[in-house]
Amino acid sequence: MPLIEVKVFEDELTPEQTKDLIQKITDAVTTVVSPKIRDAVWVVVHEIKSGNWGTAARHWESPM
């Protein structure tokens, strides 16, 4: 069972965009691996809250 995790900033995607992203990632995996695994592909979209990330040892707020 493929498990694909996607991390995005909180409120970056609308529910429709999230649904589309899940569909397209599933399509990509089944195209590469096999259409037979479609029902076993899991895509999890994690939303990262503003202020819960950083780069270069600096704390950042979400750009959205």
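Accessible areas here come from the Shrake-Rupley method with a 1.4 Å probe. The model shown in every figure is predicted.

**Figure 1. Surface and overall dimensions of the protein chain.** About 5,000 Å² of accessible surface belongs to the protein chain, and carbon and sulfur atoms account for 57% of that area. Of the 64 residues, 17% are buried. Taken along the principal axes, the box filled by the C-alpha atoms is roughly 45 × 25 × 15 Å.

**Figure 2. Order of the secondary structure elements.** The protein chain has one helix and four strands, which follow one another from the N terminus as β-α-β-β-β. The chain is more spread out than a compact globule, because its radius of gyration of 15 Å is well over the 11 Å that the globule rule gives for 64 residues. Among contacts between residues at least 6 apart in sequence, 56% join residues at least 24 apart.

**Figure 3. Confidence along the protein chain.** The mean pLDDT of the protein chain is 90, and 92% of the residues score at least 70. Confidence is highest in α1, at 98. The lowest value, a mean of 71, falls in strand β4 (residues 58–60).

**Figure 4. Nonpolar surface patch with Met1, Leu3 and Trp42.** These three residues form a nonpolar patch on the surface, and together they have about 390 Å² of accessible area. Methionine 1 belongs to the segment before β1, a strand that spans residues 3–9. With a relative accessible area of 69%, methionine 1 counts as exposed, because the cut-off for that class is over 50%.

**Figure 5. Aspartate 11 in the loop between β1 and α1.** Aspartate 11 is placed in the loop that links strand β1 to helix α1. Its phi is near 65°, a positive value in a residue other than glycine. Most residues other than glycine have a negative phi. The relative accessible area of aspartate 11 is 60%, so this residue is exposed.

Figure 6. Helix α1 covers residues 15–32 and includes threonine 18. The relative accessibility of threonine 18 is 19%, and the residue therefore counts as buried, the limit being under 20%. When neighbours within four places in sequence are left aside, threonine 18 is in contact with Leu13 and Val45.

Conventions: Residues numbered from 1 in each chain as written. Predicted model: local features only at pLDDT ≥ 70, side-chain atom pairs only at ≥ 80, totals over all residues. Heavy atoms only, no water. Patch = residues over 30% accessible without salt bridge, like charges linked within 9 Å, V, L, I, M, F, W, Y side chains within 5 Å. Salt bridge = Lys/Arg side-chain N within 4 Å of Asp/Glu carboxyl O. Helix = DSSP H or I, 4+ residues; strand = E, 2+ residues; numbered from the N terminus. Buried < 20%, exposed > 50% of the residue type's maximum accessible area, 1.4 Å probe, protein only. Contact = heavy atoms within 4.5 Å. pLDDT = per-residue confidence, 0-100. Rg over C-alpha atoms; globule rule 2.2 N^0.38 Å.
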